[in-house]
Amino acid sequence: MIEYKGMILSELKEESQMAISEEEVKHVAQLSKLSFDESELHGFTESFDEILEMINQLDEVDGSNVEGMFRGTDVQNVMREDKSVSGTERELLFKNVKTTKDGFIQVPTIIDGGEDDA
Amino acid sequence: MTRFDETIRSLNVQLIAGEVTSVQLIENAIARIKELDATFNAFITLNEEAALDAAKASDAKGYTADRPLQGIPLGIKDNIVTKDLKTTAASKMLNDFVPIYNAGVMEKLETAGAIAIGKLNMDEFAMGGSTETSYFGNTLNAWDTARVPGGSSGGSAAAVAAGEVVASLGTDTGGSIRQPASFNGIVGMKPTYGRVSRWGLIAFASSLDQIGPMTRTVEDNAILLEAISGHDQRDSTSADLAVPNYSANLNVGVKGKKIAVPKEFFGAGIDESVQAKVREAIETFKTLGAIVEEVEMPLNKYGIPAYYVIASSEASSNLQRFDGVRYGYRAEGVKNLDDLYLRSRSEGFGMEVKRRIMLGSFSLSSGYYDAYFKKAAKVRRLITDDFKRIFADYDLILGPVSTSTAYKFGEKSADPVEMYMSDLLTIPVNLAGLPGMSVPAGFDEDGLPIGLQIIGNYFAEETMYQAAYAFEQATDFSDKHPE
């Protein structure tokens, strides 16, 4: 077994041919506010890579001089009268909140800076 | 009269004649569901008490032919928000969520007098094609319990096909009404984007999602679509257009109608048995007087990668709201705010949902946005232009709905790409925002249903229903039932 930076050579070769690495997957997970434990990460990266191989078929289409279509309809700038209306009762809005205190949504302590090193 | 003989129309006749009451309909439906659902698992939540109260009020009002939905029990897909009735999107994330308002379509159904009898199972957050990803277990196909009902509106399709309810609402983002309708031998319509309000539909992909009716007959489908359609101020993508009486002129036939059949809808990747039955169906249209011609849609297959980028990107944004703070699953014993988000989301969402969120975040991220999200949007434009070009000369497009008939559980769930490829024929319709429907077109050698897809021009549901009705009357596929 030949090792390089902790990975077996055959694994290293496999990774370099993939469209996405485990490191990149971790980065995307951070953006998505999702976490994968080590046992899930490899399997997930493999299936994610297969999906990206399929997605890369988009390269076969010539997109020059084509305007992207980002909406399902041509309707735009839908306006309403600038008139104030009463909002929803606070008690009703709180119906599905897990914990409340003094009329506020109660969340866990965040005084330690809020962010963990991934 | 068996449960399979019931239609919205026939029940309305019975209610008017006093042969049956709404209370009886609700009681029968509840009894049937409790019996049959032990097998099929189509429902997540039942609305017994409120439904009976509504039935009593309905009976007291009396019945008329111009209110065909009054007193009729319907099933509602569980991503449509129902006031005071648990709505889960088939996810652990919303396992205990009870909405404080009714979706736009629910308000319309209430006005029409229809009664929501319960919430139907689906793929989690509508992300799937087999109803194998629900937090509440699989729903089974009404024709063969070893097989998937299709998805994501699997519960909506199975409940109607099994005779638990006479009609249901499903949703369709990439085929999720049409494909389960095809797999279960019923009629399913995905209306034109904007025809039906998305207010109160738990969003998956906002530029693609639509709510639509699933029924056993074309007439019932038309009745239900009319009831739920219409402009809604709270959905700025909803069309400010009048709603036709879709069931009024069904019997006009298809003589002289020009039908296009894309050659890419037949060929590699589509089962022989599906191709054969759909070709037979197209022949039927010829004998009914339609003019059928072959056309080309060379970019059709690129719909799949374009869709999975766009839908996942929109989903990654839409699902950001699930953060364990105001509602939904909240992880316990968290260290700080970031931990709250990470753990609530990682524990609350299933694997397929996480996969799609990841694909979406990736496609939208710096360095990849142009090659993925923007490129996919360009491909979407090209496919849409192809459809518009065809509809300049033709009234309808016909083809299969799915690449296969209902497959066995577990057959595709291990391979996401294989699962995604089966949406080849439905996805392009969502990308373009066009209306598409599935109607029963026969069975394969194993007795499994095959659906014919009818695609119409923007807001041409009336023409589609007329064609579907002509086909339904000329064939007897709707007369066959499971068991």
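Where does Y369(B) lie in chain B? Select Y369(B) and you will find the residue in the loop between α11 (351-364) and α12 (370-391) of chain B; helices here are DSSP runs of H or I with at least four residues, numbered from the N terminus.

This is a predicted model, where local features need pLDDT of at least 70 and side-chain atom pairs count only at pLDDT 80 or more, while totals for chains, interfaces and linings use all residues. Residues are numbered from 1 along each chain as its sequence is written, and side-chain values use heavy atoms, without hydrogens and water.

Next, display the contact (heavy atoms within 4.5 Å). Chain A gives 56 residues to it and chain B gives 65 residues. Together the two chains bury about 5400 Å², 66% of it on carbon and sulfur atoms; buried area is the accessible area (1.4 Å probe) lost on being put together, summed over both parts.

Then zoom in on D84(B) and K95(A), a salt bridge with its closest N and O atoms 3.2 Å apart. The rule (a Lys or Arg side-chain nitrogen within 4 Å of an Asp or Glu carboxyl oxygen) finds three salt bridges across this interface.

Finally, colour α2 (22-32), α3 (38-55) and α4 (90-93) of chain A: each supplies at least two residues of the side touching chain B. The largest share of that side, nine residues, comes from α3(A).

Methods. Chains are lettered from A and ligands numbered from 1 in the order in which they are written.
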